[in-house]
Amino acid sequence: MKKNNILYVVVPCYNEEEVLEETTKQLKLKLTSLIKTKKISSKSKVMYVNDGSKDKTWELIKQIHSKEELFTGITLSRNRGHQNALLAGLMTAKNYADLIISMDADLQDDINAMDEMIDKYHAGYEIVYGVRSARKTDTWFKRVTAEGFYKFMQLMGVEVVYNHADYRLTSKRVLDNFADFKEVNLFLRGMFPLVGFKSTKVYYERHERFAGESKYPLKKMLNFAWDGITSFSVKPIRLVLNLGVLIFGISIIMLLYSLIVKLVGKAVEGWTFIVCSIWLVSGIQMLSIGIVGEYIGKIYNETKQRPRYIISENLEDLTNDKKY
């Protein structure tokens, strides 16, 4: 067993006042159990990350921190989104911990899977992915779209772990190297496989949300998927190129056809074909410009090099207002 085993559990929170007390209760029981069995150090903690919540989430986090020594927290200066909040927690926690587990606050991730994750860490694995074994709690639509998301990502050339979200264990060494990834357009579940190091999977069944509403409705999930594709794959641009070559080839054929029709003296065979062709090609052009524009927009955001998040308060550190 490794000697250094201070664990920090990073939990991004956005308007989670309805579930936070129950999350705290369950995580306290889990960490206490892990400390008693000496799987982790008594210095281990849960770090809540307040992502600019509009409710009393941050006030609750501070109250929990004042009462429970196993809990701490940071708050961002404004809402930055789940991926940035998670990154803020990971980059902060690595300064205090030897291994870090990230999970959501809604208790859908099975906290009992932490035991096996830590066992895998002690066995020499530096990244342990929490993978859903089934989607029994999902609706048919949610299940089909979610599984289609992972398959489509793989088709687009993005290396992702199938049915893995952001429930994972990482070592401090992994996060130290992960800090070198400076991109603004974050898709963490696609970035961690790029870091390398020895990795494995732990399977678990995902529960229904304990309380509150999902922070990832369909529209947000679609935007998240598109961000992941355009951040990690150039296949859409290559598709535009291939489509352009195909249309160019068709245009050559149609040019030859038009010349032959002209030479044999036949009249023009109506306007329907011409109108449909114009609309089709115009639509493809607009789509292509949009895809290229999306990539240009991402390049624009990256070149500005604005901080991905600003920590306005860290309950572990009196030095606040840190930019990353």
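**Contacts, cores and packing**

Reader: Which residues are in contact with Val11, leaving aside its neighbours within four places in sequence?

Author: Val11 is in contact with Leu27, Val46, Met47, Tyr48, Val49, Met103, Asp104 and Ala105. These are called contacts because heavy atoms lie within 4.5 Å. The model is a predicted one, in which local features need pLDDT of at least 70 and side-chain atom pairs count only at pLDDT 80 or more, while totals for chains, interfaces and linings use all residues. Residues are numbered from 1 along each chain as its sequence is written, and side-chain values use heavy atoms, with hydrogens and water left out.

Reader: What share of the contacts in the chain with a separation of 6 or more comes from residues 24 or more positions apart?

Author: Such residues account for 80% of those contacts.

Reader: What makes a group of residues a nonpolar core?

Author: A nonpolar core is a set of buried Ala, Val, Leu, Ile, Met, Phe, Trp, Tyr and Cys residues joined through side-chain atoms within 4.5 Å. The largest here has 33 residues, and Val11, Leu27 and Tyr48 touch the most other members. At least two residues of this core come from each of β1, α1, β2 (45-50), α2 (57-67), β4, α4, β6 and β7. Helix α4 provides the largest share, five residues. Another core, of 31 residues, lies apart from it and includes Leu76, Leu175, Leu186 and Leu188. In soluble globular proteins, nonpolar side chains tend to be buried together.

Reader: Why is Asp119 called partly exposed?

Author: Buried means under 20% relative accessible area and exposed means over 50%, with partly exposed in between (1.4 Å probe, protein chains only). Asp119 has 38% relative accessibility, so it counts as partly exposed. Asp119 belongs to helix α4.

Reader: Which residues of α4 are buried, and what covers them?

Author: The buried residues of α4 (residues 113-122) are Ala113, Met114, Met117, Ile118, Tyr121 and His122. Their cover includes β1 (7-13), α1 (20-36), β4 (99-102), β5 (127-132), β6 (164-171) and β7 (199-204). After α4 comes Gly124, with a positive phi near 115°.

Reader: What makes a stretch of the chain a helix or a strand?

Author: Both are DSSP runs numbered from the N terminus: helices are H or I, of at least four residues, and strands are E, of at least two. On that basis the chain has ten helices and nine strands.

Reader: What makes β5 and β6 a pair of strands?

Author: Two strands pair if DSSP finds at least two bridges between them. Val128 has Leu169 of β6 as its bridge partner. β5 is also joined to β7 by six bridges, in parallel, with Ile127 opposite Ser199. β4 and β6 are antiparallel over four bridges, and there Leu99 stands opposite Ser171.

Reader: Why is β5 described as mostly covered?

Author: Six of the six residues of β5 are buried. Ile127, Tyr129 and Val131 point one way, and Val128, Gly130 and Arg132 the other way. In a regular strand the side chains alternate between the two faces of the sheet. β6 is mostly covered as well, with seven of its eight residues buried.

Reader: Why are α1 and α2 called roughly parallel?

Author: The axes of α1 and α2 come within 11 Å and cross at roughly 30°. Angles under 35 degrees count as roughly parallel, over 145 as roughly antiparallel, 65 to 115 as roughly perpendicular and the rest as oblique. The two helices are therefore roughly parallel. Axes are lines fitted to C-alpha atoms, for helices over the stretch in contact, and angles run from 0 to 180 degrees between N-to-C directions.

Reader: What is the handedness of the crossing of α1 and α2?

Author: The crossing of α1 and α2 is right-handed. A crossing is right-handed if the near helix is turned clockwise from the far one by less than a right angle, and left-handed if anticlockwise. The contact is made by Leu20, Glu21 and Thr24 of α1 with Thr57, Leu60, Ile61 and Ile64 of α2.
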